[in-house]
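Please read these points with the model open beside you.

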Amino acid sequence: MDIAYIPSPSTGVIHLGPIPLRGYAFCIIIGVFVAVWLGNKRWIARGGKPGTVADIAVWAVPFGLVGGRLYHVITDYQLYFGEGRNWVDAFKIWEGGLGIWGAIALGAVGAWIGCRLRGIPLPAWADALAPGIALAQACGRWGNWFNQELYGRATDLPWAVEISAGPNRDAGTYHPTFLYESLWCIGVAVLVIWADRRFKLGHGRAFALYVAAYCVGRGWIEYMRVDEAHHILGLRLNVWTSIVVFVLAVVYLVLSAKLRPGREDVVEPDRPADAKDADPKDAKAAKADEPKDAEAGAAAAEPEDAPKADLSKAEPAGAEAPGAEKH
C-alpha cells in the first residue's frame with residue numbers, strides 16, 4: 001500500500017462550453033510569459049530598451065514551437081507514420097510532444113531574424129533570455145503531468161507519480177521525471193543568474209552556460225525514462241544529443257572567453273532615423289518647396305532698396321572722368 005504519491009489529473013482538458021482548455025497549452029503559455037518577463041528585466045538592466053525582448057519573442061516563439069514539434073515527430077516518427085497510425089496526429093501539438101532541441105535550434109533562427117530587424121546582437125539577447133528559458137521549461141514540464149507522460153521507472157517512493165491505465169501505459173506509481181526536470185531547470189536558472197552577476201558573462205556565454213547545465217541534468221533524467229525511444233549503442237537518442245550539445249556549449253564557452261572577453265558595453269544602440277522610415281508625403285512636399293526656398297533665399301540676399309546698375313549708360317572703357325587732371 002502506497003503511503004503517499006503525487007496524483008495525476010483525471011483529464012488534461014477542461015471544456016468551457018465548446019472551447020477546450022488544455023493543461024499542456026496553459027503550461028507552455030505560462031512559461032513563455034515568464035521567459036519574456038524575466039528576459040525584459042535583464043535586458044533593461046544591461047542597457048536595452050523596454051519591449052525589445054517581447055518584440056523579438058514574437059519571432060522566436062512561433063519558430064521554436066514549429067522546431068520543437070518537428071524534432072519530436074522526426075525522432076518519434078513511428079508514433080505517427082507506423083502501421084495503424086494516423087499521420088494527421090503529427091499536427092496535434094496539444095496532445096504533447098515538443099523536443100527542446102528543435103525548439104531552441106529553430107527558435108534561434110526566429111530570434112536572429114528579429115534581432116536583425118532591430119539591429120541588435122543575437123548573443124546579447126540570448127544572454128538576457130537564458131535563465132528565463134530555463135524557467136519556461138520548468139513550467140512547461142508540468143504539461144507532461146497533465147498528459148500523464150514522460151515518467152520514469154516504477155517506484156514506491158513517497159514522491160512517486162500515480163499513472164492511470166491508458167494507451168501504451170500501465171497503471172502504477174513511477175518516478176516523476178517531469179518533476180525532476182522542472183526542479184533541475186529552476187536550478188539552472190539560478191546558476192545562470194548567479195554566474196552572470198559574478199563573472200559578467202557576455203557575447204552568448206550566459207546562454208551557453210544554460211545549455212551546458214541543462215544538458216547535464218537532461219542526460220541523467222533521460223536515462224530514467226521508460227517511454228519508447230530510439231537507442232544508439234545502448235543509450236537513448238536524447239542522451240546522445242545531450243552529450244553532443246554539452247560538448248559544443250563548453251567549447252563555445254572556452255573559445256568565446258578567449259576571443260571576446262568581457263561583456264558588451266552597448267546591447268541596443270540608438271540608431272538615427274533611416275530614410276526609409278521617413279514619411280513619403282513629407283519627402284515629396286520638401287522636394288516641391290526646394291525651388292521656392294531657393295528663390296526666397298536669393299531675394300533675401302539682395303536688399304530691396306539697392307540701386308540697380310544701368311549698363312546702357314556705362315562709360316566706355318578708357319574714358320576719363322570729368323574734371324580729371326592730365327599730367
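Which residues line the second largest pocket?

1. **Basis.** This is a predicted model, in which local features need pLDDT of at least 70, side-chain atom pairs count only at pLDDT 80 or more, and totals for chains, interfaces and linings use all residues. Residues are numbered from 1 along each chain as its sequence is written, and side-chain values use heavy atoms, with hydrogens and water left out.

2. **The pocket lining.** Leu-38, Lys-41, Arg-42, Ala-45, Arg-46, Ile-193, Asp-196, Arg-197, Lys-200 and Arg-263 line the second largest pocket. A pocket here is an open set of points on a 1 Å grid over the protein atoms alone, with protein on both sides within 12 Å along at least five of seven lines; lining residues have an atom within 4 Å of a point. Its volume is about 230 Å³, taken as the space filled by probe spheres set on the points, which are joined across faces, edges and corners.

3. **Who supplies the pocket.** Helices H1 (23–45) and H7 (177–199) each give at least two lining residues. H1 gives the most, with four. Helices are DSSP runs (H or I, at least four residues), numbered from the N terminus. By class, the lining has seven charged, three nonpolar and no polar residues. Ala, Val, Leu, Ile, Met, Phe, Trp, Tyr, Cys and Pro count as nonpolar, Asp, Glu, Lys and Arg as charged, and the others, Gly among them, as polar.

4. **The cavity.** One cavity of 30 Å³ or more turns up in a search of the whole structure. A cavity is a set of points where a 1.4 Å probe fits but cannot get out. The largest cavity holds about 30 Å³ of space. Arg-141, Asn-144, Leu-150, Thr-177, Phe-178, Glu-181, Ile-221 and Arg-225 form its lining. H7 makes the largest share, three residues. The lining divides into three nonpolar, two polar and three charged residues.

5. **H7 against H8.** The axes of H7 and H8 come within 9 Å and cross at roughly 160°. Axes are lines fitted to C-alpha atoms over the stretch in contact, and angles run from 0 to 180 degrees between N-to-C directions. H7 is therefore roughly antiparallel to H8 (an angle over 145 degrees). Their crossing is right-handed, with the near helix turned clockwise from the far one by less than a right angle. Contact (heavy atoms within 4.5 Å) involves residues including Trp-184 and Val-188 of H7 and Tyr-210 and Trp-220 of H8. By class, 16 are nonpolar, two polar and three charged.

6. **H8 against H9.** Here the axes of H8 and helix H9 (residues 237–259) come within 8 Å and cross at roughly 155°. That makes H8 roughly antiparallel to H9. This crossing is left-handed (anticlockwise). Among the residues in contact are Leu-209, Val-216 and Tyr-223 of H8, and Val-245, Phe-246 and Leu-253 of H9. The contact has 15 nonpolar, four polar and three charged residues.

7. **H5 against H8.** The axes of helix H5 (residues 122–140) and H8 (residues 205–224) come within 7 Å and cross at roughly 25°. H5 and H8 are therefore roughly parallel to each other (under 35 degrees). The crossing is left-handed. H5 brings Ala-126, Asp-127, Ala-130, Ile-133, Ala-134 and Gln-137; H8 brings Arg-205, Ala-206, Phe-207, Tyr-210 and Tyr-214. Eight of these are nonpolar, one is polar and two are charged.

Key. Angles under 35 degrees count as roughly parallel, over 145 as roughly antiparallel, 65 to 115 as roughly perpendicular and the rest as oblique.
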